[in-house]
Amino acid sequence: MANITKKVSWSGRGEEGTPLLNGSEEVKYTRQLSGGGMFHIGRLSTVDLDEDITPEEDAVRSKPKEIPHNEKLLSLKYESLDYDNIENHLFLEEERRMGHMSFRCLEISRWVICGLIGVLTGLIACFIDIVVEKLAGVKYVVVKKSIDKNTEIGGMCISLILWAALNSAFVMVGAIIVAFFEPIAAGSGIPQIKCYLNGVKVPRVVRLKTLMVKVCGVICSVAGGLAVGKEGPMIHSGAVVAAGVSQGRSTSLKKDFKIFEYFRRDTEKRDFVSAGAAAGVSAAFGAPVGGVLFSLEEGASFWNQLLTWRIFFASMISTFTLNFVLSIYHKKTGELSSPGLINFGSFDLKSVKYNIYEIPLFIVMGAIGGLLGALFNVLNYWLTIFRIRYVHRPCLQVMEAMLVAAVTATVSFAMIYFSNDCQPLETQKSSEDYSLQGFCADGEYSAMATAFFNTPERSVRSLFHSPAGTYKLETLGCFTLVYFFLACWTYGLTVSAGVFIPSLLIGAAWGRLFGIMLPYIALNPSVFTDPGKYALMGAAAQLGGIVRMTLSLTVILVEATGNVTYGLPIMLVLMTAKIVGDYFIEVSEVLHSSPSYREVMSSPVTCFNRVEKVGTIVDVLSNTSTNHNGFPVIIQTAASEEPGKLCGLILRSQLIVLLKHKVFVERARSRLRQRKLQLKDFRDAYPRFPPIQSIHVSQDERECMMDLTEFMNPTPYTVPQDTSLPRVFKLFRALGLRHLVVVDDDNRVIGLVTRKDLARYHLGKHGLEELHLAHT
Amino acid sequence: MGGFTLCGRMLCWLLWGSPLALIGPLNLSVLAAEASQTKPPSFLFLPEKALDGLGYFSSLSLAAKFPEDLEITEDCLKLLLVFGQRYVDLVSCLVSSARPVEVCQNCYGAYSSFNETYSNITSDTMGPKNDSCQESLMHSDRLMLLYRLYSSLQTIWGSAECTSCLTKDHKGLLNSTLNFISSQNSTLSCFEKYKGNHSELCTECKVTYKRLNELYSNLEKNGSLCIDIEDAMNVTRRLWSKNFDCTVKREELVPVIAVSSFMLFLPVIFYLSNFLHSEQKKRKLIHPKRAKSNHSLMNIQDKFS
């Protein structure tokens with residue numbers, strides 16, 4: 001028990017810290033930053049984390065505690081998904097019944113669903129893009145007119161207030177629908193989708209309502225001028241679409257199309273959700289391969305070729321749809337040249353080539369990106385903790401979002417007002433951007449205004465592609481600084497928005513700054529003429545430093561630039577950014593070690609007999625303090641003191657369906673012609689199984705017996721009791737298990753390990769830490 | 001002058017002995033008539049033309065060595081001659097109106113006659129001997145001199161965007177363009193009038209300057225800007241903003257700073273009040289069942305801390 005030597009490290013899969021993409025959700029679920037307030041087992045403190053109280057052992061432990069929210073909490077809200085097929089009698093029977101033809105049909109319908117997912121995701125992306133463009137266009141035109149007028153006749157304050165009010169109004173709408181109708185739609189939704197793909201179900205994450213709120217929320221927050229992007233939410237939207245389409249019905253709309261009934265279970269649904277996420281990435285960045293790799297990197301632990309191929313199909317269809325519809329919108333029907341929501345513009349190799357001596361420079365930039373990313377995450381982390389503790393009422397959250405919007409407008413206005421960086425106007429350019437003259441000479445525009453007075457995407461493009469000399473040093477410096485803090489502050493608000501674009505924008509700004517400064521320090525200034533590629537590398541570094549993704553991000557960026565030769569530098573930059581960032585804060589690296597998992601498992605286990613009294617089952621299920629989900633089924637031996645021998649595993653959801661249909665032994669005897677319960681009944685209840693409270697069981701029925709033999713999974717996965725914790729982890733990860741029964745030599749149940757049990761343990765800087773389960 | 005050309009024609013007859021060349025002078029005279037219509041000054045350059053003619057007599061003797069079906073015909077030579085002339089006209093016009101840019105206003109005539117010549121060469125009218133000048137002049141060698149000369153001028157003309165200032169038949173300037181030019185002239189004369197006193201200039205000429213700006217932005221919206229107008233506008237704007245320093249000054253520093261700092265102060269109040277008045281969110285803890293948990297966990301914790 002004492003040798004704690006072997007350290008197993010694994011990258012942020014499964015339960016353990018998915019990269020900090022959305023502070024609030026993330027923190028609720030896992031913890032990344034092991035600095036700050038440690039919360040040791042047996043050192044429970046009542047109010048403050050840092051306040052030490054001597055261990056009070058069992059007396060304290062037995063009653064529920066109330067503590068302030070901190071990062072070391074695991075919410076009970078989050079349920080695991082059952083990826084393991086329940087191979088009970090019903091299931092096997094159905095598999096036997098299905099012929100060759102019906103398997104064919106299933107295969108075809110899988111492809112059809114993937115195609116549908118792609119098309120719908122692409123259409124949603126188009127909708128968001130077009131509406132944002134229209135709304136933002138109207139806003140900027142109004143503000144620009146006001147500024148132009150007031151520059152001359154005075155009263156700039158009115159323009160300032162107008163701008164701030166417009167921003168706040170948009171953001172208010174976005175924040176209200178998120179805060180009051182569907183809080184789960186806040187943020188980018190990427191962490192939630194990652195959780196889903198890894199087998200953790202965040203409630204309501206793939207509902208139609210969430211999708212609606214998400215789409216409207218994104219439109220409002222981007223049009224409201226917040227430092228956010230619309231790319232992250234696309235991934236969530238794609239996943240929701242997939243989860244909806246694959247089920248062939250909508251529980252929210254109470255409409256059942258009676259199709260795709262076979263896919264109504266966690267395993268199948270998860271496959272489609274990963275296709276949806278891939279389609280979302282592909283629509284957002286125009287990166288079909290990147291989308292597939294995103295799903296691969298973040299999601300499915302069990303991966304087969306056919307699934308990959310289907311996912312790729314979905315991504316391609318999605319990017320094609322977006323392309324095609326946008327080409328119609330831009331009145332160039334059939335011209336398929338704008339593949340993603342964010343368009344980096346083309347990086348032509350002829351104009352922007354790089355040389356071998358620039359590689360070290362790129363690596364330096366990667367290191368800077370990692371540092372800044374770590375800083376961003378730390379700041380955001382503290383802010384998030386503060387928000388969860390003090391700003392948790394919906395009306396306060398809406399107010400906060402509005403304040404951020406107003407301050408964003410104010411700061412931008414002030415920057416433009418006091419900037420002296422004027423650039424000569426080009427005739428072609430002025431029609432596309434909302435260029436502001438400000439106090440520049442006639443025929444010139446304010447360079448600060450192109451950076452601030454624009455949607456973030458356009459600013460990014462301008463930073464990438466404007467010819468050298470478009471921005472002055474001090475303009476970029478101010479912009480980077482201000483935008484960094486704005487983005488940091490904005491991120492984690494109760495609005496739906498992504499962090500990709502702000503990261504890219506911050507990175508592009510300091511990257512360009514870097515590129516502009518190079519000629520001053522270089523021996524041969526003429527070599528470093530084009531700052532555009534440094535802007536690109538800076539953007540990659542910053543994004544890598546903040547989200548810490550590796551493979552998929554590289555491919556996404558390469559695809560977005562449309563230039564394969566940038567693959568090497570982008571990869572190096574992202575690698576350096578991740579290494580440097582992880583050195584400062586461990587976001588995803590979690591160590592696990594223990595000689596045995598004995599401490600982890602629950603024991604004694606709540607078990608059911610093969611033929612169990614209904615009353616017992618109802619009592620166990622309605623016990624809120626335990627809230628277990630899987631129950632081993634045992635055959636009780638004569639000596640009742642000993643735990644019984646294991647013969648199967650049954651899930652809470654199954655028991656509820658059984659209770660609902662009143663499948664009792666007594667009834668079966670009395671009414672022989674009663675219809676036999678089929679797999680369909682389980683599928684119809686999926687995924688919203690009613691809570692136990694809603695099922696009425698009369699006093700008579702409580703005395704009945706229930707035969708679980710037919711419905712339980714007779715072959716659950718088990719481990720002997722001496723297995724090491726790393727080994728258990730491997731099993732969980734490789735098979736996507738939810739429950740693992742621990743048995744002794746005689747196949748008697750000793751304990752039960754669940755995902756949550758494992759999730760609660762991780763090795764921080766101060767040793768093995770346990771997370772606390774909390775009601776929310 | 002006439003003697004020279006006549007002489008050349010005689011020689012041609014002698015050397016080539018082809019009756020087809022009879023058509024040559026007819027052709028040439030027609031072209032010359034056209035030229036005189038569109039651009040009278042071209043006659044001023046006739047001596048040069050004559051010199052060119054001389055130049056090609058010497059080459060003519062070289063050409064005589066080739067079999068006749070491989071070389072160019074008389075009338076093609078004539079076309080070549082005219083092409084050279086028109087080219088020279090156009091280039092000299094462009095250069096003379098380079099600064100300040102008045103390319104479109106001054107040279108549209110020269111440009112259209114140059115264009116006409118080129119299209120005469122390229123048009124596929126077959127000569128009597130079933131050969132076209134297009135073949136012999138354009139596609140005979142890899143240098144393709146005529147084409148290059150033509151396309152270089154074409155690029156210049158294209159980037160000047162002169163077509164948006166000209167009428168459809170390229171015979172004159174658009175009314176809007178003329179309007180703009182007159183407006184610009186009045187602005188400049190106003191500048192001239194008040195040159196001595198800048199502050200007076202800024203107030204006095206503001207009306208005409210604004211009108212000019214409006215005209216310009218209207219033209220910009222219609223897409224009828226050419227380099228002449230753009231350049232004129234640029235010069236005027238630079239005079240206005242830089243030389244006479246009439247741009248708007250920041251005069252509202254105090255109110256802007258006040259409003260901005262008020263806005264920036266709002267979140268501070270918001271967070272502070274929340275921090276002080278809002279109650280913290282508490283969470284209930286659940287304690288799992290554990291086998292021998294206390295002992296072993298304390299053990300682990302001791303190990304690590």
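In chain A, strand 11 and strand 13 (residues 630–635) are paired in the parallel sense over two bridges, where strands are DSSP runs of E with at least two residues and helices are runs of H or I with at least four, numbered from the N terminus, and where two strands pair if DSSP finds at least two bridges between them. The model is predicted, so that local features need pLDDT of at least 70 and side-chain atom pairs count only at pLDDT 80 or more, whereas totals for chains, interfaces and linings use all residues. Residues are numbered from 1 along each chain as its sequence is written, chains are lettered from A and ligands numbered from 1 in the order in which they are written, and side-chain values use heavy atoms, with hydrogens and water left out.

The bridge partner of A:Phe608 in strand 13 of chain A is A:Val633. Helix 23 (residues 652–660) of chain A packs on this sheet and touches strand 11, strand 13 and strand 14 of chain A, its direction making about 75° with that of strand 14 of chain A; contact means heavy atoms within 4.5 Å, and angles run from 0 to 180 degrees between N-to-C directions, with axes fitted as lines to C-alpha atoms, for helices over the stretch in contact. The sheet itself is open, with three strands of chain A in the order 11-13-14 and mixed pairing. Strand 11 (608–609) and strand 14 (645–651) of chain A each have a single partner strand and stand at the edges, so one side of each lacks a neighbour in the sheet.

A further open sheet of three strands in chain A has the order 16-17-18, again with mixed pairing. Its edges are formed by strand 16 (718–720) and strand 18 (749–754) of chain A, each of which has a single partner strand and therefore one side without a neighbour in the sheet. The twist from one strand to the next averages 30°. Strand 16 of chain A pairs with strand 17 (residues 739–743) of chain A in the parallel sense over three bridges, and A:Thr718 stands opposite A:Val741 in strand 17 of chain A. Helix 27 (residues 725–735) of chain A lies across strand 16, strand 17 and strand 18 of chain A, at about 140° to strand 17 of chain A.

Between the chains, the axes of helix 13 (residues 394–418) of chain A and helix 12 (residues 253–277) of chain B come within 10 Å and cross at roughly 155°. These two helices, helix 13 of chain A and helix 12 of chain B, are therefore roughly antiparallel to each other, a term for angles over 145 degrees, with under 35 counted as roughly parallel, 65 to 115 as roughly perpendicular and the rest as oblique. Their contact includes A:Leu403 and A:Phe413 of helix 13 of chain A, and B:Met263 and B:Phe270 among the residues of helix 12 of chain B. By class, this contact of helix 13 of chain A with helix 12 of chain B has 18 nonpolar, three polar and one charged residues, with Ala, Val, Leu, Ile, Met, Phe, Trp, Tyr, Cys and Pro counted as nonpolar, Asp, Glu, Lys and Arg as charged, and the others, Gly among them, as polar.

Within chain B, the axes of helix 8 (residues 175–193) and helix 10 (residues 206–222) come within 9 Å and cross at roughly 155°. That angle makes helix 8 of chain B roughly antiparallel to helix 10 of chain B.
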